[in-house]
Amino acid sequence: MIGAALRRLELGDVPVATPTGRLVGASGLLLESVGCQLSTGQRCQIETAAGGWIDAQVVGFRDKTSFLMPFKSPTGLAAGARVLPISDRAPLMIGTSWLGRMVNGLGEPIDDRGRLGGDHVLEPVPPKVNPLKKRRVEERLDVGVRAINGMLTLGKGQRVGLMAGSGVGKSVLLGLITRQTVVDVVVVGLIGERGREVREFVELSLGEAGLRKAVVVVAPADESPLMRLMATDLCHAIAAHFRDQGKDVLLLVDSLTRYAMARREVALALGEPPATKGYPPSVFSLLPQLVESAGNGEGETGSMSAIYTVLAEGDDQQDPVVDTARAILDGHIVLTRELAERGHYPAIDIAQSISRCMAQVVDKPHLNAARALKEMAARHARVRDLIPLGAYVPGADPVTDRAVELSPRMDAFLRQGTNEAAPMDTCVTHLEDLMA
């Protein structure tokens, strides 16, 4: 009797039919499916003409038509191909074994070092933190860069943008920060960049020592926009997991602009009208949601600091993505072509840069010294072009005279070699002595 009941239960668990849709359209990266109810964000598999399968995700719908976007190049598709929803996908597990590894936007390892696993379920998006319970930024973050430690001091839990045009040393500075920042875990998101730079960044910028405490999420420019979006969300989720485990985490995303471009591709494919410079309105509403998922968590957990590189196209600091990032982040570090052309590296323009949390994490002597150096740099900038012409006459303004006298020492302080270490306490002492 009991055996018969168990058999009936087992038979009842077997699905009578598998819901299947049909592919009725393919335009670029956007695929159209009918015949099966699908929800947004759901994973699917699409049959190819050769009998293989392509993974995709539902990104929207209209009437009875569902819009899908594949994770990889949609080759070999045919009209009427089967579309199977995936409902029993195994959760992604994470643990300390992820440190030192490289994964794609789906969390799959790409470094040929075996499978990944862990003891905790990794949610696809980081958990939201109540703003009233979020831990304040109260402790300095040592990034090992003299100009930042001294003049633009960051705090643990702060989110800043690295604004730069192309070819002014953005990637080199990011590598310097990655190697020298004093944290427990570094999560690097290489989003939409050149594939050549991935190996160079891992081997030259991170190095063997840096990779041991890092997780690298890779979605180069030849990946689909959906993979670039998922890789960005994944690196935020990984960083939030280690933060909630009580560790100090640095999240580096290169770049926020490529994420915005991927969002633009998806939105335009779905028919959303372009607004500013071709970006649909939804892009500017989704950027704050992404950035707000970084930062400190609740209670006495660890910290999660974030640095986003933002590409200023044509060196335009009023580019819509640059302007939006400047408004929603806790500070911005501007790299200028003028300084790079003078051989001043890192090409950080301290006059255009600011750290909004600096006053909360440094003492008064340090803050006063940083403000004094900024004033001296501004004074020197006014007369820099006059000095080679012999048009500058000392004695008219003692403050400007002192700025001209200190200029070589200020330049030496703000410059730094790619392999030069600059610990926080040493930087502060050097700065205060310089401005004494």
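## Model and confidence

This is a predicted model: local features need pLDDT of at least 70, side-chain atom pairs count only at pLDDT 80 or more, and totals for chains, interfaces and linings use all residues. Residues are numbered from 1 along each chain as its sequence is written, and side-chain values use heavy atoms, without hydrogens and water.

The protein has an average pLDDT (the predictor's confidence in each residue, from 0 to 100) of 88. A score of at least 70 is reached by 96% of the residues. Helix α1 (residues 2-13) has the lowest confidence, with a mean of 52. Strand β11 (residues 154-155) has the highest, at 96. Helices (H or I, at least four residues) and strands (E, at least two) are DSSP runs, numbered from the N terminus. Where pLDDT is low, the predicted coordinates should not be read in detail.

## Domains

There is a domain 1 (13-85), a domain 2 (93-358) and a domain 3 (366-435). These bounds come from an automatic or database domain assignment. The centres of domain 1 and domain 3, taken over C-alpha atoms, lie 61 Å apart.

## Ser305

Ser305 sits in strand β16 (residues 303-311). Its relative accessibility is 1%, so Ser305 counts as buried (under 20% relative accessible area, with a 1.4 Å probe and protein chains only). Leaving out residues up to four places away in sequence, Ser305 touches Leu141, Gly155, Lys156, Gly157, Gln158, Val249, Leu250 and Leu251. Contact means heavy atoms within 4.5 Å.

## Second largest pocket

The second largest pocket has a volume of about 520 Å³. A pocket is an open set of points on a 1 Å grid over the protein atoms alone, where a 1.4 Å probe fits, with protein on both sides within 12 Å along at least five of seven lines; lining residues have an atom within 4 Å of a point. The volume is the space filled by probe spheres set on the points, which are joined across faces, edges and corners. Of its 27 lining residues, Lys170, Ser171, Val172, Arg194 and Glu197 are the closest to the centre. Helix α4 (195-212) gives the most to the lining, with 7 residues.

Key:
Buried < 20%, exposed > 50% of the residue type's maximum accessible area, 1.4 Å probe, protein only.
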